[in-house]
There are 2 protein chains.
Amino acid sequence: MIKEQIPDIIVGRLPRYLRTLLLLRETKTTTNSKELGELLGFSAAQIRKDLSQYGEFGKQGTGYNIDYLIDSLNRILNTDKNWDILLVGVGQLGQAILNYPGFLKHGFLVKAAVDNNPEIIGQKFNSCVVQDVRNMKEIITENQIQIAMVAVPAEKAQEIAEELVEAGIKAILSYAPATLTLPSQIRVEYSDPLISLQHITYYL
Amino acid sequence: MIKEQIPDIIVGRLPRYLRTLLLLRETKTTTNSKELGELLGFSAAQIRKDLSQYGEFGKQGTGYNIDYLIDSLNRILNTDKNWDILLVGVGQLGQAILNYPGFLKHGFLVKAAVDNNPEIIGQKFNSCVVQDVRNMKEIITENQIQIAMVAVPAEKAQEIAEELVEAGIKAILSYAPATLTLPSQIRVEYSDPLISLQHITYYL
């Protein structure tokens, strides 16, 4: 299996499978593509096809062992280990990110946060003390951080992203309403409600 | 052209094209698939192919007229009109949503917000007074709202979503880290950083 050859659209569905399996595990030990499909709004055939890209997870008639499938998906997604994250921008959204307990529960630790506002620098949110953005590069190097979340205004996002890449960041989750233009080997995901809303209204 | 027959993966890229075109318009009047592709990290061929689903927008050699393409994309995405939105859940994230000026700029008005916390109900954020979630159904009906944003805890999301659909909501943008199981005609998008992070780590 060569991970890079599997279409990204399939990869994007794997975290959703994982989430639903974690929920199912609370009450049962096995599931099947029909049940997963109903919960997720996908067809059973699609789920079987997606998972088959990565091997054999279920048996005809007996379905999937939930624990085994969760472990496998975590291994495939590289979420069987912990990841440190740098947060850039600690405005209202950044503060909500720092206070959100869900990241840590899934192995993502916001290791450091930076801002350029003197009133925010030094403040503590959920045990993370905000540092000066001017120290960003050293923080990344010292902590060998590979992932950054960017919650800065749109007009600052490209500049910050370039600095992050220069400092060694490999992947960015951007909350800024701006498209980032970065080297192709840098992985960028957007958490952008406007894009989602404009996607929604297409169908209304 | 039958909009529903065009793959959703293509539809999902259109808002990104629109965003980049709005940025380009600040400095120029025409562009081409090569330039758009470089800015967006897609191939020029993909952009030509995506746009060709909806007609002829450019001429060989002269490229695209930016204004015309923006107008066309707004018409295709139904963002050439304004949309009212109901926000459910006014915790820290919900407050950030209410205070974010970007929605209105693009024709999305958070018309009403509801919460179940007596300390939050009655508070005003960015000219929107938070109402009691118990009045949710009437608010939707009276204002004929079709789109809801859900920023409630994961364990409440499914229940709230079902109530929203019952009250007439046609599309949901969910910030809750939970998969919603709803009738297939209801359009659901997720703004879910954990899913994005787990998508990112696949490639690291």
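Tutor: pLDDT is the predictor's confidence in each residue, from 0 to 100. Chain A averages a pLDDT of 93, and 100% of the residues score at least 70. This is a predicted model, where local features need pLDDT of at least 70, side-chain atom pairs count only at pLDDT 80 or more, and totals for chains, interfaces and linings use all residues. Residues are numbered from 1 along each chain as its sequence is written, with chains lettered from A and ligands numbered from 1 in the order in which they are written.

Student: What ipTM and pTM does the predictor give the complex?

Tutor: An ipTM of 0.91 and a pTM of 0.86.

Student: OK, the interface. How many residues of chain A are in contact with chain B?

Tutor: 51 residues of chain A, in contact with 51 residues of chain B. Two residues are in contact if their C-beta atoms, placed from the backbone, lie within 7 Å.

Student: Which element gives the largest share of chain A's side?

Tutor: H10(A), with 9 residues. Elements giving two or more residues also include helix H2 (14-25) and strand S9 (171-174) of chain A. Helices (H or I, at least four residues) and strands (E, at least two) are DSSP runs, numbered from the N terminus.

Student: And by class, what does that side have?

Tutor: 25 nonpolar, 19 polar and 7 charged residues. Here Ala, Val, Leu, Ile, Met, Phe, Trp, Tyr, Cys and Pro count as nonpolar, Asp, Glu, Lys and Arg as charged, and the others, Gly among them, as polar.

Student: What rotation superposes chain A on chain B?

Tutor: One of 180°, with 0.0 Å of shift along its axis and an RMSD of 0.0 Å. That is the relation of a two-fold axis. In chain A, the C-alpha nearest the axis belongs to A:Ser191, 3.0 Å from it. The same surface serves both copies, as 100% of the contact residues of chain A recur in chain B. The superposition is by least squares on the C-alpha atoms of residues with pLDDT of at least 70 in both copies.

Student: Switching topic: what's the strand order in the open sheet of chain B?

Tutor: S1-S3-S2, 3 strands with antiparallel pairing. Strands S1 (30-31) and S2 (58-59) of chain B are the edges, each pairing on one side only. S2(B) and S3 (residues 63-65) of chain B pair over 2 bridges; two strands pair if DSSP finds at least two bridges between them.

Student: Which residue is the bridge partner of B:Gly58?

Tutor: B:Tyr64, in S3(B).
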